[in-house]
Amino acid sequence: MSTATSVVERLRARIGQPGPSSAATVEAGHLKRFVEAIGDPNPRWTKEAPPTFLVALTPVSMHMAEAEEYGKGWLNGGNRFEYFEPVKVGDRITATGRIADVYEKTGGSGNLLFIIVETDYVNQDGRTVARLRGTTIRR
Amino acid sequence: MTIQVGQELPELIKHPTTRQLVQYAGAQGDFYEIHYDQAFAKSVALPGVILHGLLKAAFLGQLVTDWLGDRGTLKAFEVSYRGIDVPDKPYRCRGRIAKVDGDQVVLEIWGEDPDGQRTTLGTATVEMN
């Protein structure tokens, strides 16, 4: 109980603080492997990224290993993408995440910890191309 | 073609396999064992390996972009995972027009398991040309 409480408190103390940025270039080969993996044959995706590709481009490191003290497994609760500009092969994208919210809920099968992470994706010209809000759950 | 509230999108049926889960794990860089290690998945109270939520999101993304083509631009795309899905069962992606406001169209989208349970719910907002 005290461990769970302190994990929540420690994560809540980080709300709003940006995590480390990570940058990656959109490579044609990676894009090809990604669209093969999702099974989407649209020829448009040889040059442009399909809607969910940014999650594969660069891992957003939020150092949330401490959250693993809570519960026994991770679940993805949901994802919300906003798009401002297309992402194309050759673009250099920098991703920066921040913890937007942390809260507990009591579900039918026990307590759940919700961690909301918002990530901004900025291209080589300094323009924000997309924003992702992800809900990750420890149960 | 006029876009009207209530119209359904052409459905997209996907046939995920364990092979595809491994392929997706590699392409996304998500190596959480619940997507390829049966024993591990069972140890965390799952029936076996399950689909990545983001793979189901990608299926629904395809549903929307196949329908949209070059007639407009996807502005927002949101999915909420309400249930787990296992490989070797067809995954049915469906959608309908929920709202039309000038050039802006909101789609209600969802993914169904073979029992008709909506295990993924979402919305997509598009701006027509």
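At what angle do the axes of α2(A) and helix α1 of chain B cross? Before you select them, some housekeeping: this is a predicted model, where local features need pLDDT of at least 70, side-chain atom pairs count only at pLDDT 80 or more, and totals for chains, interfaces and linings use all residues. Residues are numbered from 1 along each chain as its sequence is written, while chains are lettered from A and ligands numbered from 1 in the order in which they are written.

Stop 1: Select residues 28–38 of chain A, which are α2, and residues 18–28 of chain B, which are α1. (Helices are DSSP runs of H or I with at least four residues, strands are runs of E with at least two, and both are numbered from the N terminus.) Their axes come within 8 Å and cross at roughly 150°. Axes here are lines fitted to C-alpha atoms, for helices over the stretch in contact, and angles run from 0 to 180 degrees between N-to-C directions. The two helices are therefore roughly antiparallel to each other, a label for angles over 145 degrees.

Now show the residues that meet: A:Arg33, A:Phe34, A:Glu36, A:Ala37 and A:Ile38 on one side, with B:Gln20, B:Gln23, B:Tyr24 and B:Ala27 on the other. Two residues are in contact if their C-beta atoms, placed from the backbone, lie within 7 Å.

Stop 2: Next, pick β2 of chain A, residues 74–83, and β2 of chain B, residues 72–81. These strands run antiparallel and are joined by 5 bridges; to count as paired, two strands need at least two DSSP bridges between them. Zoom in on A:Arg80 and you'll find B:Glu78 standing opposite.

**Stop 3: the whole interface.** Zoom out a bit. In total, 25 residues of chain A are in contact with 26 residues of chain B. On the chain A side, α2, α3 (54–57) and β2 each give two or more residues, and β2(A) supplies the largest share, 9 residues.

Stop 4: Chain A has 3 helices and 5 strands, in the order α-β-α-α-β-β-β-β from the N terminus. Along the principal axes, its C-alpha atoms fill a box of roughly 50 × 30 × 20 Å.

Definitions and conventions:
Angles under 35 degrees count as roughly parallel, over 145 as roughly antiparallel, 65 to 115 as roughly perpendicular and the rest as oblique.
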